[in-house]
Amino acid sequence: MLNVSIYRYNPEVDAEPFMQDFEFDTQGKDLMVLDVLEKLKIQDPSLVFRRSCREGVCGSDGVNISGKNGLACITPLSECVRGDKLVIRPLPGLPVIRDLVIDMSQFYAQYEKIQPYMINNSPPPAIERLQSPEERKKLDGLYECILCACCSTACPSFWWNPEKFIGPSGLLQAYRFLADSRDTATEERLANLDDPFSVFRCHGIMNCVQVCPKGLNPTKAIGHIRNMLIRNAA
Amino acid sequence: MMDFLARFTFTGPSNWIIQRITAIVMAAYLFFIVGYLITNPALTYDQWSELNNLLLMRVFTLVTVAAVAFHAWIGMRCVLTDYITVRLIGPKANGLRNTLQLGLALIILFYLVWTIKILWGL
Amino acid sequence: MGSLRKMSFDAVIVGGGGSGMRAALQLAQSGYKTAVITKVFPTRSHTVSAQGGITCAIASDDPNDKWEWHMYDTIKGSDYIGDQEAIEYMCQTGPEAIFELEHMGLPFSRTEEGRIYQRPFGGQSKDFGAGGQAARTCAAADRTGHALLHTLYQGNLKNKTVFLNEWFAVDIVKNADGAVVGVVAIDIESGETVFVESKATVFATGGAGRIYASTTNAHICTGDGVGMALRAGFPVQDIEMWQFHPTGIHGAGTLVTEGCRGEGGYLINKDGERFMERYAPNAKDLAGRDVVARSMVLEILEGRGCGPDGDHVYLKLDHLGEEMLNAKLPGILELSRTFAHADPVKEPIPVVPTCHYMMGGIPTNVDGQALTIDREGKDTVIEGFYACGEAACVSVHGANRLGGNSLLDLVVFGRASGIFIEKQLSAGITLKEATEEDIQRAMVGLNKINQSSGGENAAVLRAELQTIMQNYFGVFRRGDYMKTGIEKLDKLRLRVENVYLDDKSNAFNTARLEALELQNLFETAYATAISAEGRTESRGAHAREDFQERDDENWLCHSVYFPESKKIGKRPVNFTLKTREPFEPQIRTY
């Protein structure tokens, strides 16, 4: 039997959050954490969590699993159960709405701040803008971000300054556009990032790299942005 | 000039560059002093005094102390804005942080003035 | 029950996936007050899971490629019940829509010349079937849907579209004239119910793959648009046509793109035989999806399936080499390692046909206007009501969708709806305001759930529904089986209508949503069952053991399911092309 301990909080009922224990029979299968949550929700329909694609591409079910942020749908029990215990909490650092559901407004606000869209004001050609495979390769490891917030909510700098520090996810996306040969707003983008907080509050802790469920490396991208900013200032 | 200063002191890249340059200056000073002490095991007061009376040495020391001042100012400000925030300790954070920063500035200024006083005996 | 808070917009789009966001983008760019109601944050929509690409004749792989060839493939693929006018519009407008996406920043993979990379997909040909396999599917590695959805969301952010994120549309509000004037929706976070009024209501609510037990679809694909339309008394078309994707990972149901076979992978049975050579000597593994899925099931039924239970086949990729797989199919490597515990670099992936796509839906014209059929069998536009994407049946997919055509459908018809509504709005739309009763009518279902005091849990009923659909309305269908299935559904209906909601709290109550979704699933499933039993032929994805041949004399037409009578009618297929003579039905072989 697996002992699953889940963070519960319903603002209409509970004065404060608490951990609720469930006994769960895995029948010897190496299920995904999301499978466990789904089955527990049949027992207790009031248990609340986000989920959608259940294959690790939509980024809905980022939760803190036995102390480490990850996607419930692609984290097998064999990777996260210690002894017979599984502990599931909401992603840390952002306000909890209910149970495992957090308020991600601050996270999205930082994403929007970096102007996450192509800027190129020259009139587009009749076909696509050409881009060589080498130029395109620079976007690999950047565009795959699924905005699950596992990285930013694992980042102490983001916990401390979520209003001012863009956070690993937003910065990864900032670099995705800086690195795109088709984008022409490099100067403008850098100018928006050169205060002491947006980028430079990254202290290279690298929690983001450790938890990213897509295996991306925000710290490296942040390093690239920092170098661009420094080259620009010098 | 003010423009340059504002840019120089308040942007992320300049802070980052200043931290690295001041760190190099401090390291160089440390290496020099330690090296000097090792190569002069039987150091006398006269020798030490002579060294520190050299104009070049006095400038080196002053530059290093100035580097410590900048380094501490940027570094401590970073620490204060990480930990002494409304988010972490409530509404009193802003007042407390400003007070601490003012204190920090005064201490740094005091050390700077004191250093000049020692070096040039004013 | 007091009156609801009202929010008013020029246009409201229900659904934040590919088609919804493409429509929203068009309208936001023209400055109309547009809102997107979406039950998940937009980038969590199911479009994100699309892998292989978006099919379109942009003449990159082959500079002489022609959109007319793509049109031919699509019509043939549809087994001739795709509307030719709509298919012509899609294939002709496609390149423009793709280039717009590229200009918006979509990170397509590239060729050496710097153009968009295109890969071969099933059912693609050159020169109207005479010129061999074409490579027409534009790809961003094997994450095209993700790249597309994020790009569209980014475009909408740039154009300041209003997003009502994590809002759930409950039901349609109709005015005294029967026109659609908005929806009742729940703000999930607070639980507040709001009347969202609009001059144009666009349903871009996606598919309903969750009516089946085994599906590639996300948990959120619950046919909300179809359910709402049916409850409002509007018909749905060709809803018996469900695509079973040949390669869902056995056990998990997650999708493995057709692009794997496009890049040179192939299916093998337990003897290691490349069995598609027997079923489709020319196209082999790149025959239409319906053909491949049926061949796989036959292999399994005839005892040549793989694994201890012989209940799946293998997709072989290891001969393509690690470097190529890393470059072209990185996402598949990830998925297979996670869900099949098989590393495609070294071993084949266990796959099985899995419910994937709803070809049917709310009938619309090329401008996205939703249609109903009047007593004389004539199309009538439903004022104020539009649909696009998987929720709609425009119909470009007919009885079988070609791989890569769904993403094209999304952007082309999302865009077309936007353009048309923009024109309508600038010409001026006046619809009668909804009365209090009109709004309360849309609240009936929700009120019933909120007041439920007994009955069964939504999850239990959902599982039962999915099992019935899987067992009686799967890849192969049979009249007597389907009749049994319908009887079971009739019994289930009462229980679904009396679903019990124990937790009546307001804040982020997903149990309430699941109860509402269950009712949408049920409506979609029931329409599927009736239509499938009614179509007495085999065509495209609809394969009947008791009627094995295509019957053009009686069934070269759309089925239309009417919710009030729970009966099906017929609607003629459109055979008019603007640019050439229409394509007459042929025997479909690959």
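A salt bridge is a side-chain nitrogen of Lys or Arg within 4 Å of a carboxyl oxygen of Asp or Glu. One such pair is Arg87(B) with Glu163(A), whose closest N and O atoms are 2.9 Å apart. The model is predicted, so local features need pLDDT of at least 70, side-chain atom pairs count only at pLDDT 80 or more, and totals for chains, interfaces and linings use all residues. Residues are numbered from 1 along each chain as its sequence is written, chains are lettered from A in the order in which they are written, and side-chain values use heavy atoms, with hydrogens and water left out.

**Chain A with chain B**

- The contact (heavy atoms within 4.5 Å) takes 17 residues from chain A and 16 residues from chain B.
- The two chains bury about 1400 Å² between them, 57% of it on carbon and sulfur atoms; buried area is the accessible area (1.4 Å probe) that two parts lose on being put together, summed over both.
- There are 2 salt bridges across the interface of chain A and chain B.
- On the side of chain A that touches chain B, helix H5 (156–160) and helix H9 (218–233) of chain A are the elements that give two or more residues.
- H9(A) supplies the largest share of that side, 4 residues.
- Helices (H or I, at least four residues) and strands (E, at least two) are DSSP runs, numbered from the N terminus.

**Chain A with chain C**

- Here 59 residues of chain A are in contact with 60 residues of chain C.
- Chain A and chain C bury about 4900 Å² between them, 52% of it on carbon and sulfur atoms.
- Between chain A and chain C the count is 7 salt bridges.
- Asp503(C) forms a salt bridge with Arg98(A), with the closest N and O atoms 2.7 Å apart.

**A sheet in chain C**

- An open sheet of 4 strands has the order S11-S14-S13-S12 (chain C), with antiparallel pairing; two strands pair if DSSP finds at least two bridges between them.
- Strand S11 (242–249) and strand S12 (266–268) of chain C are at the edges with a single partner strand each, so one side of each has no neighbour in the sheet.
- Strand S13 (residues 313–316) and strand S14 (residues 349–358) of chain C run antiparallel and are joined by 3 bridges.
- Val313(C) stands opposite Val351(C) in S14(C).
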